Amino acid sequence: MLDIKLIRENPAYVRERLATRHGGDEAQVDTVLQLDEKRRALLVEVEQLKASRNRVSKDIGALMGQKKLAEAEAKKTETREIGDRITLLDKSVAETEAALNAVMLRMPNLPHSTVALGSTAAENPVIRVHGEASAFAFKPKTHIEICEQLQLVDFARGTKLSGSGFLLYTNWGAKLERALIQFLLDLHTEQHGYTEVAPPYIVGRHCMEGVGQFPKFLDQAYAVQEGLDTSSIGQLYLVPTAEAPVANIHREEILKFSQLPIRYAAYSPCFRAEAGAAGLGTRGMIRVHQFDKVELIKIVTPEQGYEELEKLVNNAERVLQLLGLHYHVINLCTGDMGFASAKTYDIEVWAPGQNQYLEVSSCSNCEDFQARRMSLRYKTEEGDNRLPHILNGSGTALARLFVALIETHQQADGSVLIPDPLRPYLKTDRIPVPTAA
RNA sequence: GGAGGGAUGGCUGAGUGGUCUAAAGCGACGGUUUGCUAAACCGUUUUACGGGUAACACCGUAACGGGGGUUCGAAUCCCCCUCCCUCCUCCA
């Protein structure tokens, strides 16, 4: 959520920044200003009335104490009318606030000044490139072919169980998935200073609202129903990312200055309905309804925000470096950024079988946008309450990392070579071609 | 799922319709005293919104788990909900 004071004091700036997203959100600024003004006018009126009612009520109490019942009764009649007006005004204040809130919750964050202007993904600048696409002496197979030959994923049975977009990992595939999760968690907790947390995979709607998933992306979430109670639907949702529970861990708290910076690493499966997404009907692991991910979350002071974002990206890049993968880092332009973010780096890893880059990490500084939504603050050394910056980054997303890994390290004989850092986890140096069954 | 008990400031905990302007204690912070530490004494102690100010000050309103109701007036009475605790039931 944006700062209402900023909109009030500098609407032109807010309009200008929102317009860079090319989402048409700047048109809402006037609505906000009108509702805000109306709300404040109503507040002044109703608060004056309440002040006078409080005074008279106190007088009545005093009169009752002195047994001047007739006078007390007279005052009661007088005040009753004030009470009725207060009730009406309170109602319009509540309505105005609700309307204001509804608009505010749908307004995206303002892009940071260093973000490139642009309207589509084609305009995202490449920040840096690591390694290069490996040359193959043979035609590299796609991950689908590799998975089938090495029996890593049973696509047909995954679909039989849950429909398209769901994967059944088998044999070495299941082990590789588990090894990667453990490798990622160990890397970030042991070498990058993150504290591991294991969050619920179902969260309340307030958490979804806190990180900015709701109300805008309600159509992308899996809602949960409790037993036969249809009224329970809409209360709980499968997490689309561990960001939803983890960023909300300290919601509605006032953190001590000494607690910052907070750095959490969490594994979770991610559930995405992907309503309206194209290409989901096709086989493969690139775009699925459920995938694993290790997420990194930071809660830091505004002064540290952007420095910590750079470190966050580096932490995620380290994963790909250790696994010997070619990737590049891009900076999402204003028109391609996520709803809650002020600045986002995407890391795209090279998948030779696909002959394309795959997004495996998205690292964002949401500044105080989420903190304001979830009412998370910290106390400065001077004793003032301030909103911290909240950052999130994938460290990294698994299904696509799995794809890049097996496509990159596939061998002429059909086996997949396992990079050194992963060998202790998988307890093998290669995934062998199964002997004919 | 059933029965009962709870939810008050940073913490403990009083308060059952009107100076509640929420007692008291603990903690924390500031000050006085002090060779140092401790103790004692004095003082301060939340949040949000609005008004106001150059900025402070200051003023108002709201908040005793959340929402609604009764009343001139609600921490206090009534209704609904959430969460916690104890017991029963069920369950990996």
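Predicted model: local features only at pLDDT ≥ 70, side-chain atom pairs only at ≥ 80, totals over all residues.
Reader: What makes the approach of Arg40 to a phosphate oxygen of RNA strand B a polar contact?

Author: A polar side-chain atom of Arg40 lies 3.0 Å from that phosphate oxygen. Residues are numbered from 1 along each chain as its sequence is written, chains are lettered from A and ligands numbered from 1 in the order written, and side-chain values use heavy atoms, leaving out hydrogens and water.

Reader: How do you know which residues are near RNA strand B?

Author: Near means that a heavy atom of the residue lies within 4 Å. H3 gives the most, 13 residues. Looking from the RNA side, 69% of its atoms within 4 Å of the protein belong to sugar or phosphate, and the rest to bases.

Reader: What makes up that surface by class?

Author: There are five nonpolar, five polar and ten charged residues. Asp, Glu, Lys and Arg count as charged; Ala, Val, Leu, Ile, Met, Phe, Trp, Tyr, Cys and Pro as nonpolar; the others, Gly among them, as polar.

Reader: How are H3 and H4 oriented to each other, and why?

Author: The axes of H3 (residues 28-65) and H4 (residues 69-105) cross at roughly 160 degrees. Over 145 counts as roughly antiparallel (under 35 is roughly parallel, 65 to 115 roughly perpendicular, the rest oblique), so H3 and H4 are roughly antiparallel.

Reader: Why do S6 and S12 count as a pair?

Author: Two strands pair if DSSP finds at least two bridges between them. S6 and S12 (residues 377-379) have two bridges, in the parallel sense, so they qualify. Leu255 has Tyr378 in S12 as its bridge partner.

Reader: And what makes S3 an edge strand?

Author: In the open sheet S3-S5-S4, S3 (202-204) has a single partner strand, so one side is left without a neighbour in the sheet. That partner is S5, joined to S3 over three antiparallel bridges, with Val203 opposite Tyr237.

Definitions and conventions
Axes fitted to C-alpha atoms, helices over the stretch in contact; angles between N-to-C directions. Helix = DSSP H or I, 4+ residues; strand = E, 2+ residues; numbered from the N terminus. Polar contact = N/O pair within 3.5 Å; in protein donor to acceptor, adjacent residues only side chain to side chain.
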